[in-house]
Amino acid sequence: MPHSQPVIRARGLSKRYGPHAVVQDISFDLLAGETLVLLGPSGCGKTTLLKTLNRLVEPDAGTVEVQGQDVRAQRPEELRRGIGYVIQQVGLLPHLTVAENVAVVPKLLGHPAAQIQARTEALLTRLHLAPERYANQYPRQLSGGQQQRVGLARALAANPPIILLDEPFGALDPITRAGIRREFRELDELRQKTVVLVTHDVTEAFELADRIMLLDGGQVQQLGTPRELLFQPANDFVRRFFEAERLTLQLRTLQLDDLLIDLARSNDSEHINNLKSNQNIIQSNVTVQEALELLSAPLEARRAATTAHKTPAASSSAGAVSSTAPASEELASSPVLWIQHLANKATEQGPPAAASPLVPVTLPALMAAFGQAVQRLQRP
Ligand SMILES: Nc1ncnc2c1ncn2[C@@H]1O[C@H](COP(=O)(O)OP(=O)(O)OP(=O)(O)O)[C@@H](O)[C@H]1O
């Protein structure tokens with residue numbers, strides 16, 4: 001299959017229940033490895049739309065192609081074996097052990113027993129459920145968070161290229177929920193999959209989505225990247241939907257990369273003195289939120305983090321120090337020139353993709369640059 005062919009192609013999907021048009025003329029393409037989040041208020045049609053993808057709901061109009069094949073040409077059971085599905089209620093079979101629950105689909109597909117066992121143990125380990133402790137337990141012996149992880153392991157067991165998730169963290173308390181979401185985001189296995197996830201939680205959507213489809217009354221209000229929805233809302237509904245959390249979302253969405261032009265413009269003498277005397281050097285691919293946390297940390301913690309050229313907050317996401325990083329003497333002697341050099345490069349070529357140069361930055365300069373960047377990005 002050519003890489004650019006969508007893994008899921010939906011065209012003109014519509015569904016009514018009695019007088020209610022629950023899904024109205026929805027079309028989208030999803031490429032391999034993309035995560036699409038269906039977001040919107042309760043009753044807007046997210047779950048119904050998701051279920052049209054694996055034929056748990058038959059649309060009144062429209063088509064779905066999975067890997068180039070019309071889903072109506074496939075038997076529903078066969079289609080579903082190739083598409084992992086996780087729901088809020090988890091739906092583990094109570095009379096089967098954890099390992100047996102995970103093995104359900106591979107068994108149906110006739111995988112050899114030794115292979116199933118190896119895969120089950122590997123998945124449980126990766127999801128922090130030590131097999132020697134949990135494999136033979138029953139769902140009722142597990143916490144809600146552990147059950148969710150077994151549900152995810154079960155959906156991944158037969159290694160399907162597509163995973164559908166319906167409020168998979170919905171039943172969890174906020175702390176467990178944030179923890180599992182982080183594990184989920186960092187799971188290599190999932191990064192390669194094409195994922196459609198339903199949620200009504202805005203933070204969750206922004207953390208996990210490559211693109212968000214915001215729905216209301218069964219209609220797409222906007223389909224785009226989190227940044228597009230935040231800075232270029234298509235209509236008043238979209239604008240209002242993010243209003244309450246706008247600042248938090250902006251802090252978590254923008255990275256230092258996005259602020260280089262604004263940081264370079266700062267010629268405040270205090271800022272320049274700060275840069276020279278008290279350098280905080282941060283990788284440019286951290287979010288403004290992470291940079292603020294770092295710059296607000298006690299000086300010793302900051303020194304340790306910047307000496308290591310990695311922020312504690314960003315340690316999991318920050319990549320290797322880029323080859324464009326200057327020798328430290330060069331940075332020490334002319335931090336302002338260095339930041340201007342980065343900004344020029346960003347203007348010419350767009351933000352660096354894989355490379356994450358180091359940026360000298362101070363708290364006041366960062367706050368001012370953030371304000372300017374928001375203004376700049378919000379212009380139509
Ligand atoms: N089988 C059904 N029969 C009749 N009405 C249904 C059926 N399934 C869903 N609906 C209705 O369709 C609308 C959309 O439901 P859906 O579950 O898709 O919304 P949702 O956005 O996922 O909501 P939530 O976030 O509350 O789960 C709701 O008004 C719901 O009552």
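Student: Across which strands does H1 lie, and at about what angle does H1 run to S8?

Tutor: This is a predicted model, and its helix H1 spans residues 46-53. H1 lies across S3, S7, S8 and strand S9 (211-216). Relative to S8, the direction of H1 is at about 155°.

Student: What is the order of the strands in the open sheet of 6 strands?

Tutor: The sheet is open, and its pairing is mixed. Strand S6 (83-87) and strand S10 (219-224) stand at its edges with a single partner strand each, so one side of each has no neighbour in the sheet. Neighbouring strands are turned by 15° against each other on average, direction ignored. The order is S6-S7-S8-S3-S9-S10.

Student: Which strands of the sheet does helix H7 touch?

Tutor: Helix H7 covers residues 144-156 and packs on the sheet. Its direction makes about 165° with that of S6. The strands touched by H7 are S6 and S7.

Student: How many bridges join strand S3 to S8?

Tutor: Strands of a sheet pair through backbone hydrogen bonds, in either a parallel or an antiparallel manner. Strand S3 (residues 35-39) and S8 run parallel. Valine 37 stands opposite leucine 197 in S8, and leucine 38 has valine 198 as its bridge partner there. The number of bridges joining S3 to S8 is 5.

Student: Why is strand S8 largely enclosed by the rest of the structure?

Tutor: In a regular strand the side chains alternate between the two faces of the sheet. Thr194, Val196 and Val198 are buried on one side of S8, and Val195, Leu197 and Thr199 are buried on the other. Strand S8 (residues 194-199) is therefore largely enclosed, its buried residues numbering 6 of the 6.

Student: Which element supplies the largest share of the shell around the ligand?

Tutor: The residues surrounding the ligand include Tyr17, His20, Lys46, Thr47, Thr48 and His200. By class, the shell has 3 nonpolar, 8 polar and 1 charged residues. Strand S2 (20-30) and helix H1 each supply at least two residues of this shell. The largest share, 3 residues, comes from H1.

Student: What percentage of the 380 residues in the protein chain is buried?

Tutor: The secondary structure of the chain comprises 20 helices and 12 strands. Of its 380 residues, the buried share is 38%.

Notes. Residues numbered from 1 in each chain as written. Predicted model: local features only at pLDDT ≥ 70, side-chain atom pairs only at ≥ 80, totals over all residues. Near = placed C-beta within 6 Å. Helix = DSSP H or I, 4+ residues; strand = E, 2+ residues; numbered from the N terminus. Nonpolar A, V, L, I, M, F, W, Y, C, P; charged D, E, K, R; others polar. Buried ≥ 20, exposed ≤ 12 C-beta atoms within 10 Å, placed from the backbone. Pairing = 2+ DSSP bridges. Axes fitted to C-alpha atoms, helices over the stretch in contact; angles between N-to-C directions. Contact = placed C-beta atoms within 7 Å.
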